[in-house]
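Biologist: I have a new structure open and would like to go through it with you. Shall we begin?

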Amino acid sequence: MPASSFPAKRAATLLMGAALALPACAAGTSGSTASAQGSTGAVQAISTQEKQEGAKYHPQLLAEFGGAVQGPQANYVASVGKKISVQSGLSNAQSDFTVTLLNSSVDNAFAIPGGYVYTTRQLVALMNNEAELAGVLGHEVGHVAARHSAKRQSNAMKNQIIGVLGAVLSGVFLGNSQVGQLLQQGFMQGSQLLTLKFSRTQENEADRLGIEYLRRAGYDPRAMSTVLASLAAQNALSVRLLGAQENRVPEWASTHPDPASRVSTALRLAGANPGGVLNRDVFLNNVSGLIYGDDPKEGIVEGRTFTHPVERFAFQAPQGFFLVNGTRAVSISGQTGKGQFTIAQFNGDLDTYVRSVFAGIAKDNQVQLTPAAVQRTTVNGIPAAFSVARVAQSSGAIDVTVFAYQMDANKAFHFMTLTQAGSSGVFDSMFGSMRRISASEAGSIRPRKLTVVTARSGDTVQSLASRMAYTDAPLDRFLVLNGLNANSRIVAGQRVKLVTY
């Protein structure tokens with residue numbers, strides 16, 4: 001969460017739009033509604049209008065997802081993405097495609113019309129060979145080739161979305177998975193609130209097209225199945241690590257096939273004797289060293305604690321809540337409340353700051369908000385101010401709390417939380433946990449990174465997992481990261497991925 005880039009207006013729109021189920025604007029791309037039928041029908045080439053619109057939205061998407069990773073790793077991802085993209089028929093020129101590796105800790109990939117294709121570094125870290133990378137990017141390009149975003153846009157009035165970029169994005173590889181639903185329930189910022197999802201038919205078609213592109217490009221088409229299996233395993237692990245029970249998360253099968261259900265279909269489509277290359281070693285050589293998880297420049301989450309080494313502060317979520325750090329905000333989610341931590345413009349007056357946040361919520365969501373008088377206090381030596389407003393809902397009244405802190409003469413941060421009426425005290429411990437950190441504590445925050453190692457004689461999944469830079473579930477994390485299971489045997493010379501400091 002960059003310290004100075006998250007406008008209060010955006011935070012208010014996303015938080016209240018999700019919580020109060022109020023209508024939000026549906027922005028999107030225009031373009032032809034001509035459809036693609038995979039290998040049996042024509043694919044409409046990228047139009048000039050689509051190129052212009054893609055160029056318009058590209059910088060906004062970069063801002064939403066933490067910017068673009070630069071350097072050899074990003075160049076490698078771009079080269080693979082362009083190679084697979086030209087298989088779609090959208091263009092025969094690799095130069096017509098812009099493939100971006102995003103500095104985001106969310107497992108995600110998507111594309112927009114105009115030749116713009118994206119994947120996050122976190123999703124790339126989950127992959128185990130180049131063919132899997134090509135398969136994910138091919139899936140997203142398949143959505144564009146089949147004009148799925150145009151078809152989705154035609155139904156936008158029936159599918160109210162959250163966030164102005166929701167209808168622009170033409171694909172989200174992880175789909176409406178269990179983790180995706182948890183993040184939405186946690187009111188993630190726009191980069192993770194991609195709520196206008198593809199239909200079951202569209203997801204299956206994108207998988208099929210991605211497999212076809214893999215085959216055309218000379219890759220092993222079975223890679224689509226293996227990367228979907230890895231993603232399904234990661235989804236399940238993340239749900240457990242977030243403290244949520246599987247049965248508390250709605251099933252996705254009613255509208256979207258989750259990664260687990262798509263594995264067998266993708267394997268069947270790949271065929272019995274598919275052939276093609278995986279390029280595992282080339283892939284591992286090119287991804288080793290990627291930042292894994294939160295980038296310390298944007299703050300890091302460790303369990304229930306968020307620490308920002310640049311701004312030098314930390315806070316802790318209440319017991320039973322989990323934190324997810326995003327590019328523009330930190331989301332807080334639990335069974336008894338939701339919230340965000342973010343920043344807004346500050347003129348030196350905390351009372352005005354708090355009232356302006358409430359005013360933004362009311363304006364953006366067209367609701368009547370009458371906050372109580374702003375109260376002043378001090379939290380661990382930090383000047384603070386807060387107020388609560390009650391909003392009537394058909395399902396019962398909710399309390400909206402804004403709790404702000406003046407960090408210096410020109411900067412303030414705030415929590416914005418939602419609870420059932422009378423229950424705002426559930427967040428009191430979090431409000432009181434805000435503290436400044438010392439220079440030495442800030443300096444001790446180190447980024448995790450993806451490291452490729454070669455197994456030695458006697459290494460096991462257990463011994464290798466013990467080298468992971470995690471104290472919680474290191475073995476499970478290692479197995480999912482490498483597409484292995486508890487019964488997998490490690491042989492000398494085998495290359496595996498670790499997450500280290």
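Biologist: Which elements do the buried residues of α3 pack against?

Modeller: They pack against β1 (98–102), β3 (116–120), α4 (121–126), α5 (130–145), α8 (200–217) and α11 (280–287). Contact here means heavy atoms within 4.5 Å, and buried means under 20% relative accessible area, with exposed over 50% and partly exposed in between (1.4 Å probe, protein chains only). Please note that this is a predicted model, in which local features need pLDDT of at least 70 and side-chain atom pairs count only at pLDDT 80 or more, while totals for chains, interfaces and linings use all residues. Residues are numbered from 1 along each chain as its sequence is written, and side-chain values use heavy atoms, with hydrogens and water left out.

Biologist: Which residues of α3 are buried?

Modeller: They are Gln 73, Ala 74, Tyr 76, Val 77, Ala 78, Val 80, Gly 81, Ile 84 and Ser 85. As a general point, an α-helix has 3.6 residues a turn, so residues three or four places apart point the same way.

Biologist: What span does helix α3 reach?

Modeller: Helix α3 covers residues 72–85, and its 14 residues reach 20 Å from the first C-alpha to the last. That is close to the 20 Å expected at 1.5 Å a residue; the expected span is 1.5 Å times one less than the number of residues.

Biologist: How buried is Ser 85, and what does it touch?

Modeller: Ser 85 is in helix α3 and counts as buried, at 0% relative accessibility. Not counting residues up to four places away in sequence, Ser 85 touches Phe 97, Val 117 and Val 141.

Biologist: And where does Ser 91 lie?

Modeller: Ser 91 lies in the loop between α3 and β1, and is buried with a relative accessible area of 9%. Its side chain makes a polar contact with the side chain of Asp 96 at 2.6 Å. A polar contact is a pair of N or O atoms within 3.5 Å; within protein, one must be able to donate a hydrogen and the other to accept it, and residues adjacent in sequence count only if both atoms are side-chain atoms.

Biologist: Is β1 largely enclosed or left open?

Modeller: Four of the five residues of β1 are buried, so β1 is largely enclosed by the rest of the structure. β1 pairs with β3 in the parallel sense over five bridges, and Leu 102 stands opposite Thr 120 in β3. Two strands pair if DSSP finds at least two bridges between them.

Biologist: Changing topic, what is the order of the open sheet of four strands?

Modeller: The order is β5-β6-β7-β15, with antiparallel pairing. β5 (300–302) and β15 (435–436) stand at the edges with a single partner strand each, so one side of each has no neighbour in the sheet.

Biologist: Which residues touch the most other members in the largest nonpolar core?

Modeller: Of its 65 residues, these are Ile 84, Val 124, Leu 133, Tyr 219, Phe 283, Leu 450 and Phe 478. α5 gives the most to this core, with eight residues. A nonpolar core is a set of buried Ala, Val, Leu, Ile, Met, Phe, Trp, Tyr and Cys residues joined through side-chain atoms within 4.5 Å.

Biologist: Finally, how many helices and strands are there?

Modeller: The protein chain has 16 helices and 17 strands. Helices (H or I, at least four residues) and strands (E, at least two) are DSSP runs, numbered from the N terminus.
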